[in-house]
Amino acid sequence: MTAAAAARQILTRLTEVMASRMHAQGKLDQVVEIIGECLSSEVCSIYLLREGMLELFATRGLNQSAVHVTRMAIGEGLTGAIAQKIDTLNLAEAKAHPDFLYRPETGEEKFHSFAGVPIVYRERAVGVLCVQHVEPRRYEDIEIEALQTTAMVLSELIANAELVDEEEARVLTQEQTGPQALTGLTLVKGLGAGHAVYHQPRVEITQVMAEDTEAERQRVYRAFDRMREQIDTLASQAEFGVGGEHEEVLETYKMFAYDEGWSRRINEAIDSGLTAEAAIERVQQHTRMRMREIDDPLLADRMHDLEDLANRLLRIVAGQVGTAASQGLRRDTILIARNLGPAELLEYDKRRLKGVILEEGSLTAHVVIVARAMNVPVIGRTKGVRTTIREGDEILLDATAGSAIVRPLPQVADAFQTRFAKSREKQATYASLRDVEPFTRCGTRIQVMMNAGLRDDMSSLAMTGADGVGLFRTEFQFLVSATLPQRERQTRLYRDVLDAAGEKPVIFRTVDIGGDKSVPYLASEIAAQDENPAMGWRALRLALEREGLMKVQARSLLEASAGRSLYVMFPMVSEPWEFDAAKTVFDEQLAYLRAQKKQLPERIHFGAMLEVPALAEMLDVLLPKLSFLSIGTNDLTQFLFAADRANPKLAERYDWLSPSILRFLRRVMQTSIGSGVDVGVCGEMGGRRLEALALLGIGYRRLSITPAAVGPIKELVRKVDLAELSTAMTGWLAAPGRSLRAELSAWADARDIEYD
Ligand code: PEP
Ligand code: MG
């Protein structure tokens with residue numbers, strides 16, 4: 001008999017049983033008979049979860065007197081092990097397995113071979129289905145597949161007949177796997193607690209048996225087509241990861257998406273009578289089992305990709321294409337994703353989003369910058385996420401330590417709450433610095449400004465007492481919008497921002513789209529052109545060519561600042577002429593408004609960002625044109641080190657405290673002295689304490705940083721003597737090691753300066 005035929009026969013007969021008016025126990029008794037007959041198996045048994053134990057509910061072949069008498073704890077014996085690990089066992093000699101436990105009341109001593117599969121409902125094991133034979137034999141794939149299919153059908157019966165208590169199953173399965181720790185890379189510090197929500201939700205299979213096999217086949221065909229289309233356009237989606245490994249992963253995805261074997265197996269499962277969803281899941285279960293038997297880390301990685309893809313196919317088939325954001329967060333949430341784009345993160349309800357765990361991610365990826373601005377702790381490069389975390393699991397995220405505890409014990413959760421309280425106390429100390437001006441011990445006033453990008457961020461200005469907004473990322477409004485924001489909308493935003501800032505300055509950066517900040521309405525143009533988007537058609541390059549975009553923004557900014565000071569800066573200036581060209585756009589719009597007799601800004605200050613190393617060679621030409629220069633260390637570092645800022649593999653490789661970047665920054669500062677141009681740093685680097693110390697030590701006096709860092713950096717500034725620090729930095733930079741981290745930490749320790 002073929003795999004499909006065996007399963008088909010079981011399913012046809014099960015369908016009749018399920019549709020009958022028999023009570024649940026009667027149905028289970030029939031099920032074990034049917035499977036036993038179809039697989040010519042001497043024993044077939046069903047164990048279900050009751051009061052925390054796996055209880056024998058029905059059997060063919062074991063002593064009937066054992067029914068409702070034999071009970072095993074989760075993890076006890078072979079049956080318990082299957083439920084605990086949610087895994088299949090296929091054994092020629094059951095007694096040889098270390099978990100084997102003999103139960104005399106069942107009369108099972110004469111049976112040698114054993115195969116069992118978990119009955120899973122809502123990702124929890126609620127029972128076990130197993131077969132036994134007198135003959136020592138390993139079961140064939142088709143038999144295991146038939147058992148898995150039956151287990152799926154049973155889970156539906158169990159749910160409908162309310163044979164097990166779902167809440168009980170939930171609690172038990174949590175206990176059964178117990179607490180587990182995950183580690184990752186700190187991307188945004190902080191603590192957060194909540195329940196796991198997958199950004200790409202898993203589909204819950206509610207109907208296993210098909211009513212119309214042909215219709216199911218068509219659904220799968222269409223889903224495969226859509227999935228293949230999606231894979232072909234995936235490269236531009238942030239969820240999939242930008243740069244770095246994504247090429248390789250994409251290749252694997254393509255390989256699976258076009259794999260005839262995979263679609264054939266799904267079709268066979270449909271032939272056996274399953275719905276499209278159940279067929280995909282069944283094939284996936286089987287693949288998981290096969291992969292586990294092969295102990296190869298490379299294959300494990302591929303499995304991860306296939307899981308991702310199968311989930312995508314399931315979501316297409318089930319018509320659940322939105323992310324978890326579209327369903328809304330119902331309680332405090334720790335969001336789990338492979339990767340995210342900044343716009344995707346912004347779709348989540350800020351009040352309920354307590355943390356993010358990424359499988360990829362890097363420090364300066366824009367999603368991380370947005371999370372930092374939202375004050376949402378994030379860890380990245382986290383291993384074992386999908387095998388450890390299930391939807392709804394409780395998670396304590398300690399992003400500062402780069403760790404998460406999944407399904408914590410109550411006492412651990414209590415200890416976490418205590419730490420939470422301490423960190424709130426610390427926050428209160430920072431809040432008390434709100435109105436304190438950041439003077440160093442030697443009396444120098446340091447400008448501590450904050451970075452922002454959304455209207456909502458402006459409330460942080462008063463809360464932190466920052467000196468102004470040193471970088472307003474105007475592209476964020478472009479990222480959260482499905483269409484290009486119109487002039488009126490832009491003007492309104494800029495005016496609101498200026499109103500919220502009051503007397504404090506706001507430096508608007510013109511749009512920096514491209515790189516890892518792709519927008520749907522320009523994605524095709526960007527993707528079509530660029531193999532390496534960070535170095536491609538982005539930021540000012542794009543804005544100057546799409547002059548309409550720049551003109552609209554210039555006019556909006558000028559109108560919004562009527563009667564006040566406007567600070568505007570251009571991103572990714574690579575050569576001085578680009579600055580001139582961008583300024584000309586503003587000059588023309590200014591002339592137009594003047595001709596229209598519109599009220600103009602009182603003063604306009606033009607600045608440039610230094611992010612492209614080439615510009616550092618042209619400071620003599622550039623500086624006379626500027627009122628200020630702002631160093632974007634996020635991009636600058638990626639170009640200096642030729643290391644993609646979004647590539648998780650490189651996330652820890654280059655240190656901001658490496659002498660090359662510090663020497664570079666010091667040279668820029670020294671070249672600017674006497675030019676009258678205010679030079680500051682607005683990259684993430686300035687918000688980290690040791691890095692901020694280094695910047696102060698090489699002469700920087702203006703930092704624009706993420707709002708959460710304003711308090712800590714003010715506190716630090718007040719403990720620093722600049723002359724002492726600068727002498728130390730000069731010494732270290734003259735004869736440096738690989739990084740200045742150790743030296744700066746020791747220096748900070750000696751002065752009671754906290755730094756992480
Ligand atoms: C930078 O590159 O350092 C910067 C501040 O700009 P963004 O992070 O938005 O690219
Ligand atoms: Mg930048």
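The model is predicted. It has a magnesium ion coordinated by E611 and D635, 0 disulfides, 10 aromatic pairs and 7 cavities of 30 Å³ or more.

**Magnesium site**

- The magnesium ion (ligand 2) is coordinated by an OE atom of E611 and an OD atom of D635, at 1.9 to 2.0 Å.
- E611 lies in the loop between β19 (603–610) and α23 (619–622), while D635 belongs to helix α24 (residues 633–640), so the pair ties together parts that are 24 residues apart in sequence.
- E611 is buried, its relative accessible area being 2%.
- D635 is buried as well, with a relative accessible area of 2%.

**Cysteines**

- A disulfide is a covalent bond between the sulfur atoms of two cysteines.
- Searching the whole structure gives 0 disulfides, the cut-off being a pair of cysteine sulfur atoms within 2.5 Å.
- For C38, the closest cysteine sulfur is that of C44, and the two sulfurs are 10 Å apart, which is too far for a bond.
- C38 counts as buried, at 12% relative accessibility.
- For C130, the closest cysteine sulfur is again in C44, at 7.1 Å, and this too is too far for a bond.
- C130 is buried, with 1% relative accessible area.

**Aromatic pairs**

- The structure contains 10 aromatic pairs.
- In the pair Y494 and F508, the ring centres are 5.3 Å apart and the planes stand at 65°, so the arrangement is edge-to-face; the cut-off for that class is over 60 degrees.
- This pair links distant parts of the chain, with Y494 in helix α18 (residues 487–501) and F508 in strand β17 (residues 506–509), 14 residues apart.
- Y494 is buried at a relative accessible area of 0%, and F508 counts as buried at 1% relative accessibility.
- The rings of F586 and F606 have centres 5.8 Å apart and planes at 85°, so this pair is also edge-to-face.
- F586 sits in helix α22 (residues 576–595) and F606 in strand β19, 20 residues apart, and the pair links distant parts of the chain.
- Both F586 and F606 are buried.
- F586 and F606 belong to one aromatic cluster together with F570 and F579.

**Charges over rings**

- The charged end of R667 is placed over the ring of F664, 5.7 Å from the ring centre.
- R751 has its charged end over the ring of W747, at 4.1 Å from the centre of that ring.

**Cavities**

- Rolling a probe the size of a water molecule over the atoms shows where empty space is left.
- Across the whole structure, the search finds 7 cavities of 30 Å³ or more.
- The largest cavity has a volume of about 120 Å³.
- This cavity is lined by 14 residues, of which M72, T79, L101, E108 and F114 are the closest to its centre.
- Helix α3 (77–85) and strand β6 (124–133) each supply at least two residues of the lining of the largest cavity.

Methods. Residues are numbered from 1 along each chain as its sequence is written. Chains are lettered from A and ligands numbered from 1 in the order in which they are written. This is a predicted model: local features need pLDDT of at least 70, side-chain atom pairs count only at pLDDT 80 or more; totals for chains, interfaces and linings use all residues. Side-chain values use heavy atoms; hydrogens and water are left out. Donors are N, O and S atoms within 2.8 Å of the metal (3.2 Å for Na, K and Ca); water is not among the atoms, so sites may look incomplete. Helices (H or I, at least four residues) and strands (E, at least two) are DSSP runs, numbered from the N terminus. Buried means under 20% relative accessible area, exposed over 50%, partly exposed in between (1.4 Å probe, protein chains only). Rings of Phe, Tyr and Trp (its six-membered ring) pair if their centres lie within 6.5 Å; planes under 30 degrees apart count as stacked, over 60 as edge-to-face and the rest as tilted. A charge sits over a ring if NZ of Lys or CZ of Arg is within 6 Å of the ring centre and within 35 degrees of the ring normal. On a 1 Å grid over the protein atoms alone, a cavity is a set of points where a 1.4 Å probe fits but cannot get out, and a pocket is an open set with protein on both sides within 12 Å along at least five of seven lines; lining residues have an atom within 4 Å of a point. Grid points are joined across faces, edges and corners, and a volume is the space filled by probe spheres set on the points.
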